Amino acid sequence: MKLPKEVKNIIKTLEEAGFEAYVVGGCVRDILLDRTPKDWDLTTSAKPEKIQKLFPDSVYENDFGTVAVKTDSKDESLKIVEVTTFRSEAKYSDKRHPDSVDFTESLEEDLKRRDFTINALALRPKKKAYDIVDLFEGQKDLKEGVVRTVGSPNERFSEDALRLMRALRFATQLNFTIEGETFQAIKENAHWIKNVAEERIKDELIKMIDNKYAHNGILFMQDSGLLELVLPEIAKGIGVGQNKHHIYTVFEHNLYALKWAAEHDYPLHVKFAALLHDVGKPQTKRGEGKDSTFYGHEVVGAKIAEKLLKRLKFSKKFTEKVVLLVRYHLFYYEVGEVTESSVRRLVAKVGSDNMDDLVKVRICDRMGSGVPKPEPYRLRHFRYMIDRVQKDPISVGMLKVDGEDVMRAADVKPGKKIGRILNILLDEVLDEPKKNERKYQLEKIKDLSAKTDKELEKLEKKAKDKQNKFEQSVDEELKRKYYL
């Protein structure tokens, strides 16, 4: 158990000035679990102005007694060490923030206000050992793998309703259970989560999902009643049976898809796409039993996923990635049936940068259905085809000519005619990549420019219809073949 020199130096400086100082909270928990802390927090009897005087290179910008002390460490987790004055808190009227914060001289008062026993541990280095302050049996709970509140669960959750989610998140991350009274209090007070800002819920959800045991977190949410309040779209899949190609309900299937993604450390947006890929099924289900169908669930699901992620304030870029993967997770690929031009059209819709993620979501979908192999021959062949066509043009921007070339060769001014000619050229190239040659395309532009606007409009429509034909045929084939 070694403390970084930066942390030791801060404690030494405070103690030499006559103050108490301890490492506290999650970093102590991580040390005792033999994990590397992601950040470092200290607590001290020194008031904020004293801390700042001892550490001139520091910042104090809040009402909670926390001073950010800068170090010269190259380790990102140690560049800023937060040092907070011992404090006690008054009641939380809004179930989010304390009505008032009072500084205290007592470490015990400071630890009493913390959320869970495993986070209410303090540590102070000695010459050849460490003193661990454990007033609430936090070490015992760490050994037994239990998340338990400090004192009354109802009081702790009424102080800050986000602790409802934090309890589940810690249990998920650490693969712990939740102590009985604590879990009962979560169930009874789940409705308080409505008082918490979406951004704070999102942060806890990310930490829960971006974890090896993410599926346990969703199960905790289901059992506690938080799932229906935080992710009602996922909860709608509970008990919704599928057809003869599925052995699980919609909820179970999405859960097992997430489990595969989490256990194989897929990117966060792939994990969310795995969880949400069939979120549109409850709304699109028709019929019951082995022949029930879910026509168009990928389109409906993409819209539901977008609304959910926007509500929780996920970034636009993250939302777009997840929505794209949900929308196209049902791509059809059968060796010998799908041509190179069809693969090019799919890549054009999804984007070459997203194809590997799309395959990962398909693998999650498969493993969430209980099949034995994650990547059968057809998926491996699909990867090969993607690599094979990857350098082929799949968008107007990859043509050997551009709008300026069209204006010069056709002697036309900026307008719709330019875009129509480029779209017609792209359609040719999607079928025959060899036609992406500048000399050929300049001659083709001259031929097309001789046509009327009405003729060009008709050709463009034909090209776009052709580009959409593959996707439509996929949907029809899947509906017939897989009752989807």
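**Questions on a predicted model**

Q: How many helices and strands does the secondary structure of the protein chain come to?
A: This is a predicted model. Its protein chain has 484 residues. The secondary structure of that chain comes to 24 helices and eleven strands.

Q: What percentage of the residues of the protein chain count as buried?
A: Buried means under 20% relative accessible area. The count is taken over the 484 residues of the protein chain. The share that counts as buried is 52%.

Q: Which residues touch the most other members of the largest nonpolar core?
A: The largest nonpolar core has 102 residues. Another core, of 17 residues, lies apart from it, and Met407 and Ile445 are among its members. In the core of 102, the residues touching the most other members are Val23, Ile218, Met221 and Leu231.

Q: Leaving aside neighbours within four places in sequence, which residues is valine 23 in contact with?
A: Valine 23 belongs to the largest nonpolar core. Neighbours within four places in sequence are left aside here. The contacts of valine 23 are then Leu3, Val7, Ile11, Val28, Trp40, Asp41, Leu42, Leu121, Ala122 and Leu123.

Q: Is histidine 329 buried or exposed?
A: Histidine 329 sits in the loop between helix H17 (316–328) and helix H18 (340–350). Its contacts beyond four places in sequence include His277, Asp278, His297 and Glu298. The relative accessible area of histidine 329 is 1%, so this residue is buried.

Q: How far does the backbone oxygen of valine 326 lie from a polar atom of the side chain of histidine 329?
A: One end of this pair is the backbone oxygen of valine 326. The other is a polar atom of the histidine 329 side chain. They lie apart by 2.7 Å.

Q: At what angle do helix H22 and helix H23 pack?
A: H22 covers residues 416–431 and H23 covers residues 438–449. Their axes are 11 Å apart, and the packing angle is about 130°. That angle makes H22 oblique to H23. Ile421 and Leu425 of H22 and Ile445 and Leu448 of H23 are among the residues making the contact, at that angle of about 130°.

Q: How many residues of helix H14 are buried?
A: Helix H14 spans residues 268–276 and is mostly covered. Its buried residues include Leu268, His269 and Lys271.

Notes: Residues numbered from 1 in each chain as written. Predicted model: local features only at pLDDT ≥ 70, side-chain atom pairs only at ≥ 80, totals over all residues. Heavy atoms only, no water. Core = buried A, V, L, I, M, F, W, Y, C linked by side-chain atoms within 4.5 Å. Buried < 20%, exposed > 50% of the residue type's maximum accessible area, 1.4 Å probe, protein only. Contact = heavy atoms within 4.5 Å. Helix = DSSP H or I, 4+ residues; strand = E, 2+ residues; numbered from the N terminus. Polar contact = N/O pair within 3.5 Å; in protein donor to acceptor, adjacent residues only side chain to side chain. Axes fitted to C-alpha atoms, helices over the stretch in contact; angles between N-to-C directions. Parallel < 35°, antiparallel > 145°, perpendicular 65-115°, else oblique.
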